[in-house]
Amino acid sequence: MSNSKHIFLCGFMGCGKSTHGKKLAAILKQPFIDLDTYIQKQENKTVQFIFDNEGEELFRELETKYLNELIALKEPHVISLGGGTVCFNGNIEKIKAKGILIYIEMSAAALAERLKKSNQKRPLLKNVSPDNLIEFIEKKLKERNQFYTQAHITLKGISLNHIQLLQWIQEYNTQKNA
Ligand code: S3P
């Protein structure tokens, strides 16, 4: 299948954006980039370090700066975004204008299960106790759903089927070119 646009994956931390992005990129034979990894390489600092030492506001500026660089790439890529990328600085408008945005949807309970082991690596979860994790995720999802639900395609993360995903991308491309 040929795809002429970037494909962006969004969704809450832990929903599997990078894992699915890599698989999708391999199937589509498009290069894959993870935005957080790209930021870390360009800045030579971890996301955690940026949050802890320079603050979330600067992280969001960097996120937008490097997102813009990726959007401008001529060759279509599969790009996995950070959990908050689509919620700041009007990023979602540029993303949707230049690519296909896919939202990997997952319930707060499923996300909490996946995140409880990796919360120390994630700056936003560092101070959230395991007992409060579901509640924290539910609250954040409520704030962020207004952005996530603007995606062109929404997929149930738990039962994500790549063949079906490809069909949807193809249908989306066909509609756009009609
Ligand atoms: C964030 C999610 C993280 C990372 C940063 C902020 C968020 O990415 O960008 O810690 O605001 O949800 P992942 O979704 O890949 O964990």
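Predicted model: local features only at pLDDT ≥ 70, side-chain atom pairs only at ≥ 80, totals over all residues.
**Entry 1: salt bridges**

I began with the charged pairs. Side chains of opposite charge can pair when their charged atoms come close. I took a side-chain nitrogen of Lys or Arg within 4 Å of a carboxyl oxygen of Asp or Glu as the cut-off. The count came to eight salt bridges. I followed up some of them.

**Entry 2: Lys-126 and Asp-52**

I looked up Lys-126 next. Lys-126 sits in the loop between α6 and α7. Its side chain meets that of Asp-52 in a salt bridge, 3.2 Å from N to O. The pair links distant parts of the chain, since α6 covers 108-115, α7 covers 133-148, and Asp-52 belongs to helix α3, residues 47-54. Lys-126 and Asp-52 are 74 residues apart. The side-chain contact between Lys-126 and Asp-52 also counts as polar, at 3.2 Å.

Gln-48 is 78 residues from Lys-126 in sequence. In space, their C-alpha atoms are 9.7 Å apart.

**Entry 3: pairs within a helix**

I turned to Arg-60. Arg-60 forms a salt bridge with Glu-56, and the closest N and O atoms are 2.9 Å apart. Both residues lie in helix α4, residues 56-71. They are four residues apart, so about one helical turn separates them. An α-helix has 3.6 residues a turn, so residues three or four places apart point the same way.

The two partners differ in cover. Arg-60 is buried, with 6% relative accessible area. Glu-56 is partly exposed at 30%. I also found Glu-63 in the picture: Glu-56, Arg-60 and Glu-63 are linked in a network of salt bridges.

I then moved to helix α7. There Glu-143 forms a salt bridge with Lys-139, with 3.7 Å between the closest N and O atoms. Glu-143 and Lys-139 are four residues apart in α7, about one turn of the helix. Glu-143 is partly exposed at 37%. Lys-139 is exposed, because its relative accessibility of 56% is over the 50% cut-off.

**Entry 4: helix α3**

Which residues of α3 are buried? I noted Val-47, Gln-48, Ile-50 and Phe-51. They lie on the same side of α3, because they cover an arc of only 165 degrees around the axis. What covers these buried residues includes α2 (35-43) and α4. After α3 comes Gly-55. I read its phi as positive, near 95 degrees.

**Entry 5: the ligand site**

How many residues surround the ligand? I listed 14, and the closest are Lys-17, Asp-36, Arg-60, Gly-83 and Arg-144.

- Asp-36 has a side-chain N or O atom 2.8 Å from an oxygen atom of the ligand.
- Arg-60 has one 2.7 Å from a ligand oxygen.
- Arg-144 has one 2.7 Å from a ligand oxygen.

The ligand on its own has 380 Å² of accessible area, and the protein covers 93% of it.

Terms used:
Residues numbered from 1 in each chain as written. Heavy atoms only, no water. Helix = DSSP H or I, 4+ residues; strand = E, 2+ residues; numbered from the N terminus. Buried < 20%, exposed > 50% of the residue type's maximum accessible area, 1.4 Å probe, protein only. Arc of directions from axis to C-beta. Contact = heavy atoms within 4.5 Å. Near = heavy atom within 4 Å. Polar contact = N/O pair within 3.5 Å; in protein donor to acceptor, adjacent residues only side chain to side chain. Areas by Shrake-Rupley, 256 points an atom, 1.4 Å probe, with all protein chains shown as cover.
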